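Okay, hi everyone, thanks for coming.

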Amino acid sequence: MIWNEKMETMSREEMRALQSERLVATVKRVYEKVPAYRAKMDEIGLKPEDIKGVEDLPKLPFTTKADLRDNYPFGLFAVPQDEITRVHASSGTTGKPTVVGYTENDIKMWSECVARCMTMAGVTKKDIVQVAYGYGLFTGGLGAHYGAEYIGATTVPMGTGNTQKLITLMKDFGATAIACTPSYLLHIAEVLKENGDLDKIKLRAAVCGAEPWTEDMRLRIEEILGVSAHDIYGLSEVMGPGVACDCKYHKGLHVCEDHFIPEIISPTTLEPVKEGETGELVFTTITKEGLPLIRYRTRDLTSINYEPCECGRTTCRISRFKGRSDDMLIIRGVNVFPSQVEEALLRVDGVSPHYMIVVDRVNNLDTMEIMVEVDEKFFSDEIKGLEALSVKIGKAVQQMIGLNAKIKLVEPRTIERSMGKSVHVQDKRKLV
Amino acid sequence: MKAKQVSVFIENREGRLEEVLSAIKAAGVNILSLSLADTREYGLLRLIVSDPAKADKALKEGGFSSMLTDVLVVRLNNEVGSLQDLLCAVAKEKINLEYMYGLTIEKAGKASLVIKASDLDKAAVVLKKAGAELLSNEEIVSL
């Protein structure tokens, strides 16, 4: 089934015309309403009337996470604050969060996009959907929740953290669909298996996202749980989950192109790459009112396929992500920059020690261990002093990134020194 | 009177202790006593040595995490109940002992131990008053 036949199956020419029309209006609006955009365009002598259609997109300047940070909290909003009905925020690289705002229409548009994605996974109003993403400032929980409600499905706001309760309700309610991170779903699957509960559930669809995962992992989830598992993509700056999702053919993620225009650029030259080539994904939002974004650099590496899909949709498809063009890590669905960990360590003692972040996946859940060298600055001759130090570092990290990390104290000079750019991350997860 | 102890942070893995001792040996420093406290991942080696400053320097140069810590070296009669008597006085003053380990047993009927307390100065006063003898590093070496 297709949620919005008109938008999801129109011809490439129609889509291009619609995108052009919306892009022109968006550029005009941000130029008038957002001083930061106006300044950027003025700087290169670009006027709104220079943008006549999608083909002019490369003329526009890029927007980055730094722009959001520099205009913290509401500086890039294109409507007065009283028209903003919701804000979300994600952790930022320097302690300041990235704030995103939505108008009433934006929330409706977001719900529509998530509804399209859930429909790709086969979810209908007859389903009972457990939403097991985190609720709160993170866009995952509320985003998936509104989409499931928009379809008319019976929506259960589980949140994260209580797996036994989730499983009990999954059995008792006869839940048929779930939305959560893939690693959490695999964890749930393992617990169900251990408890011998696999034959007591009615789950048939899973919409998973907020972290990178492999095709192998998707197939494993399908095999253990007997569900159809789908990859939903999104980022809070652009909207949240629902920007793209894969249909039952799993040959790329269909982008909600009538709302977000994707481009692929070379992260080094910043020029658009040839069609089908891999590069950094860039989005321009063309219907968002609260926080329109012009050529926002996602730092996610992928490629675009414009061929119509077997499912009948004509919206372009982005391939599974091949990595990042920056050093951001996604751990248990949370975006983490090594620089945040460094800042947390700085707060403990004022001096940045040598450290190494080791990310792994144990029993399908991401683990994060931070090795910190114990030198004169970090020393106690009592075990309880060293333990207190571990706890203190752990708390500082938790406050900074919102994740619990295991702190491992190691001897000085045991963390490898690199000659050039220092290496602070070991990602042992096998994803690609 | 306080004495200096060398404390070394070592990871809990094969051969590490030997490497620490090797660095001390190379510096020509004699070890008079030691205690090794361990956790699952790391250990703390505490040493009373003939020349604490020299050992500390050698260890640091060898890349180890080492520091000098003040401790009390208490000399008492080697007889039934003498330690209990001393600790009784310490406990009465609500001083917490962080750790303790043995140093020597002398032929002359004396024994000595190393004590680290929450309030070292106060502990020194209390122990002295209770009749214990506190030793400096020089006195320890000449025992």
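Let's start on the inside. One thing to keep in mind: this is a predicted model. The largest nonpolar core has 95 residues, and the ones touching the most other members are A:Val129, A:Ile178, A:Ala179, A:Leu185, A:Ala206 and A:Val207. Which helix gives the most to this core? That's helix H5 of chain A, residues 104–120, with eight residues.

Let's zoom in on A:Ile178. Leaving out residues up to four places away in sequence, A:Ile178 touches A:Val129, A:Gln130, A:Ala132, A:Leu185, A:Leu203 and A:Ala206. If you're wondering about the general idea here, nonpolar side chains tend to be buried together in soluble globular proteins.

There's also a second, separate core, with 59 residues.

Okay, on to where the two chains meet. This contact takes 13 residues from chain A and 16 residues from chain B. S1(B) has the largest share, four residues. And what kinds of residues are they on that side of chain B? They split into seven nonpolar, five polar and four charged.

Now let's look within chain B. The domain assignment gives domain 1, covering 3–70, and domain 2, covering 71–141. The C-alpha centres of these two domains of chain B are 22 Å apart. In the contact between them, domain 1 of chain B puts in twelve residues and domain 2 of chain B puts in 14.

On the domain 1 side, strand S1 (3–11), strand S2 (31–38) and strand S4 (65–77) of chain B each give two or more residues. Here the largest share comes from S2(B), with four residues. By type, that side of domain 1 of chain B has five nonpolar, five polar and two charged residues.

Last stop, a hairpin in chain B. Strand S5, residues 97–105, and strand S6, residues 110–117, run antiparallel and are joined by seven bridges. To see one pairing, pick B:Tyr101: its bridge partner in S6(B) is B:Val114. The hairpin has four residues between the strands, and B:Gly109 takes a positive phi near 80 degrees.

That's my tour, happy to take questions!

Conventions:
Residues numbered from 1 in each chain as written. Chains lettered and ligands numbered in written order. Predicted model: local features only at pLDDT ≥ 70, side-chain atom pairs only at ≥ 80, totals over all residues. Domains from an automatic or database assignment. Contact = placed C-beta atoms within 7 Å. Nonpolar A, V, L, I, M, F, W, Y, C, P; charged D, E, K, R; others polar. Pairing = 2+ DSSP bridges. Core = buried A, V, L, I, M, F, W, Y, C linked by C-beta atoms within 7 Å. Buried ≥ 20, exposed ≤ 12 C-beta atoms within 10 Å, placed from the backbone.
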